Amino acid sequence: MTLIQIIINGIVSASVSALIAIAFGLLYRTTKIFNISIASVYLTASFITYLLYKNIPILSIIVGILATCLLGVVIEITIYYPLTVRKASPATLLISSIAVNVVLINLLALLFGNETKLLDLFERNSLKIGDLIISYAQLIQITISFCILTTITILMNRNKYFKLIRALGDNPILLKTHGYSVIKIRILVTLISSFLLATASLLKSFDIGFNLNAGTSAFLAGSVAVFLGGVENPNGWVFSSFIISLIQSIVVYNSSNQWNEMVLFITLILVIMLKPQGMFSFTSRIES
Amino acid sequence: MISIYLIIAYSLNLVFGTGGLLLLCSSAFYGLGAYLYAILSTTLKLPLLQSVTITMLYVTVIAVILGILAVKFRGDGFVLVTLGFQLIIYTVLYNCISWTNGPYGIERIKSLSINGFVFNSVSSFLPLVSSFALLVFFIFKQIDHSNYGLVLKATRNDFVAVESLGIDSKKILMISFVISSWFLSFAGIFYASHMSFIDPTSFNLDESIFQISILLIGGTGNLKGPLVGTIVLLLIPEILRFIGLPNSIAANLRQIIYGFSLLLVIFLRPKGIVGNNGLG
């Protein structure tokens, strides 16, 4: 495998990780919940699509995404929002997300089993350019991810609702005094995050299949990218996803896939030792 | 097992209940204790005292290094660093096959022995581990009532006020982190010597979440909570076994019950069944 092939694999993997990072980052910045339950929400899309794709191939994707969005919103309305209203501490919110995740993951295990599943939605083929091999699944991943990433980046800077989401993260009380409904904006951010998670999940599952551990790996990749990039910097989330994925591709090529998560966390620990506010966050003096 | 889990619960109570730091790597220290003891006593055939001493030395060094990194943060950053450590240790246990035998685990681990008396039966092991659990209870009771315990509680409640009195709150938290890691590793040593077989699946993230659930359900910040939590959570599998559910369903069902219990506790009794400290 050439260096260019490793870089391409890294970029493909990063494009999907960046979607997860944005999903986690938007939720984390807005709701202040270190939301571990995104792991099971992520998995739900693949499992629902897997259940239906043999009978209704294209429709199963839509149903999978819609079901994931619905699940995200139901969790928000029944658990996280009521706890936030009761002024629950960050630790309580984190523990409630762990509890939700434990329940959902084990429900999925009971319903679908533990083994790895393949999602053969499209024909499996690949493109050969010289020594380079790019599968159709990778092409689909990179095309859809880049379209969504570009749209989200534009919307974050220009769209009124994305600005409201940002405002909710900054100061929910002030937002309320301006007459905006906090719960509506929270539902909106949950919908956007669930959509991103569902898309990322389907793209990844179509390429390499999925099992119950895939959700945790996705959560870890997303959360580490957000902390590395700096919680306040959405562009940093995307950049750090790319850096992490490239490092992981190089390590996987030189050793094995088993060390993937270890590389992820060693990178995290090294960065937070040197720059606790994240790689791409620059604190400036208040008077400047 | 209740005695082993009591040691774990009291150790976690110091960091989480008294110190207010949510630790997600308890099973990593538990696993480190078990694996280091197994490798030293069984693979390298060292005597008991040396095995335990070297295990504790290793654990101390690792806990100090991790503690220095982790206590820089409070809240989510601390959780993420300890979560990362948990996954690193699990990956090492699973993949360093030459030392840990990977997924196949280590078998025929030496039982604990004192002056030639081997604790290899339930009737001999139970008094040993129960006495140790009792000793741990008294140690933590002393810590709870000591000046150090009070400073640790103050750090949890308002670390800025503690720092303003000239006390290094990071150092205080570091000490609690290292003490907890010692006892978690001791629990691991007891587990390895009692089961005589260990594999990495006993020391994964799910196990860490289970261990912290014991405290959350029982309640934190006092010495009754860990006891109640341990008894309640260790009895659930026995009840499921009594109902006669197949093992494949029972494992997942047990986890679902833990999850729902946690949610119920958070909504109905945020302090846990007999806890002092509210979570929210």
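The structure, which is a predicted model, holds 5 salt bridges over all chains.

Me: Which residue forms a salt bridge with R29(A)?
Reply: A salt bridge needs a side-chain nitrogen of Lys or Arg within 4 Å of a carboxyl oxygen of Asp or Glu. For R29(A), the closest N and O atoms of the pair are 2.9 Å apart. The partner of R29(A) is E232(A).

Me: How many residues apart in sequence are the parts that R29(A) and E232(A) tie together?
Reply: R29(A) lies in helix α1 (residues 3-31) of chain A, whereas E232(A) lies in the loop between α9 (214-229) and α10 (234-254) of chain A. The pair therefore ties together parts whose separation in sequence is 203 residues.

Me: How many salt bridges are counted between chain B and chain A?
Reply: The contact between the chains takes 35 residues from chain B and 39 residues from chain A, and across this interface the rule finds 2 residue pairs in polar contact. For salt bridges between chain B and chain A, however, the count is 0.

Me: What percentage of the area buried between chain B and chain A do carbon and sulfur atoms give?
Reply: Chain B and chain A bury between them an area of about 3,300 Å². Of this buried area, the share given by carbon and sulfur atoms is 81%.

Me: Which three residues supply more than any other three of the area that chain B buries against chain A?
Reply: The three residues in question together supply 19% of the area that chain B buries against chain A. They are D76(B), L80(B) and F267(B).

Me: Which helix gives the largest share of the side of chain B that touches chain A?
Reply: Helices α4 (76-95), α10 (205-218) and α12 (247-268) of chain B each supply at least two residues of this side. By class, the residues of this side divide into 25 nonpolar, 8 polar and 2 charged. The largest share, 12 residues, comes from α4(B).

Me: Are α2(B) and α10(B) roughly parallel or roughly perpendicular to each other?
Reply: Helix α2 (residues 26-43) of chain B packs against α10(B) with the axes 7 Å apart and at an angle of about 115°. Angles from 65 to 115 degrees count as roughly perpendicular. The two helices, α2(B) and α10(B), are therefore roughly perpendicular.

Me: Which residues of α10(B) make the contact with α2(B)?
Reply: By class, this contact has 2 nonpolar, 4 polar and 1 charged residues. From α2(B) come S26(B), S27(B), A28(B) and Y30(B), while α10(B) contributes E207(B), S208(B) and Q211(B).

Terms used
Residues numbered from 1 in each chain as written. Chains lettered and ligands numbered in written order. Predicted model: local features only at pLDDT ≥ 70, side-chain atom pairs only at ≥ 80, totals over all residues. Heavy atoms only, no water. Contact = heavy atoms within 4.5 Å. Buried area = accessible area lost by both parts, 1.4 Å probe. Polar contact = N/O pair within 3.5 Å; in protein donor to acceptor, adjacent residues only side chain to side chain. Helix = DSSP H or I, 4+ residues; strand = E, 2+ residues; numbered from the N terminus. Nonpolar A, V, L, I, M, F, W, Y, C, P; charged D, E, K, R; others polar. Axes fitted to C-alpha atoms, helices over the stretch in contact; angles between N-to-C directions. Parallel < 35°, antiparallel > 145°, perpendicular 65-115°, else oblique.
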